[in-house]
Amino acid sequence: MPSKAEQLNKLNTQMSACSQCALRSGCKNVVPGEGSAEAEIMFIGEGPGAKEDELGRPFVGAAGKFLDEMLSIISLKRENVYIANVVKCRPPQNRDPSPEEAAACWPWLLEQIRIIQPKLIVTLGRHSMERFLPNQKISTVHGKAMRREIDGIGKQVFYTLYHPAAALYNGSMRETLIKDFKRIPKIIEKIKSEEN
Ligand code: URA
């Protein structure tokens, strides 16, 4: 049985050759995701921006710097977690991914989750939340851990956060995001204690 890292490497190669939607023809690089294949926590954003597209890596611009800062507050580095996006190719002018584009990319994300089997999925922003928790309002559900059964994944714990890019220059949202973020270690502890 190939290791999780080997499975992810193979998947990344397959993703790089994907042309299931029009986004691939308009971007420079596919941004599959990065981090530890053994991660307990998986962060899922919306889609690559300009810097991510340039480098082929997720969350490496201003929002990524803020994400790194919040990870360090809870004594984690990006190498300890896994960071991915709903769509792996940059939408032109950073527009929202269309439902069709998100749907075309969905099997890749599902496969990433199936391989990594994180204890906790942290959704970053409304678009990521909506993929897993439809018909919810982010202003209501942010900072609440929820267990859901998802087709193709099974039971999984989700934790919704505001998107770091949205919170970056909005004082009160920034405070809320940092406060929610600091609760992640306790949530992981609780998940682990319920497993035993
Ligand atoms: N915003 C996202 O949602 N994802 C990235 O990778 C970068 C910015």
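The buried residues of helix α4 are covered by several elements, including strands β2 (41-45), β3 (82-85) and β4 (120-124) and helices α8 (164-167) and α9 (171-182). Here, covering rests on contact, meaning heavy atoms within 4.5 Å. Helices (H or I, at least four residues) and strands (E, at least two) are DSSP runs, numbered from the N terminus.

A word on the model: it is predicted, so local features need pLDDT of at least 70 and side-chain atom pairs count only at pLDDT 80 or more, while totals for chains, interfaces and linings use all residues. Residues are numbered from 1 along each chain as its sequence is written, and side-chain values use heavy atoms, with hydrogens and water left out.

**Helix α4**

Which residues of α4 are buried? They are Ala63, Gly64, Phe66, Leu67, Met70 and Leu71, where buried means under 20% relative accessible area and exposed means over 50%, with partly exposed in between (1.4 Å probe, protein chains only). Seen down the axis of α4, these buried residues fall within an arc of 160°, so they line one face of the helix. The arc is taken from the directions from the helix axis to the C-beta atoms. After α4 comes Ser75, whose phi is positive, near 60°.

**Helix α1**

Now to α1, where Leu8, Leu11, Asn12 and Met15 are buried. They cover an arc of only 105° around the axis, which puts them on the same side of α1. On the other side of α1, Asn9, Lys10 and Thr13 are exposed. An α-helix has 3.6 residues a turn, so residues three or four places apart point the same way. The cover over the buried residues of α1 includes β3 and α5 (99-116).

Asn12 has a relative accessible area of 17%, and it touches Pro32 and Tyr82, not counting residues up to four places away in sequence.

**The ligand**

Around the ligand lie Gly45, Glu46, Gly47, Glu52, Pro58, Phe59, Asn85 and His163, each with a heavy atom within 4 Å of it. The table shows polar contacts, which are pairs of N or O atoms within 3.5 Å.

| Residue and its N or O atom | Distance to a ligand oxygen atom |
|---|---|
| Glu46, backbone | 2.8 Å |
| Phe59, backbone | 3.0 Å |
| His163, side chain | 2.8 Å |

The protein covers 92% of the 240 Å² of accessible area that the ligand has on its own, with areas from the Shrake-Rupley method and a 1.4 Å probe.

Conventions. Polar contact = N/O pair within 3.5 Å; in protein donor to acceptor, adjacent residues only side chain to side chain.
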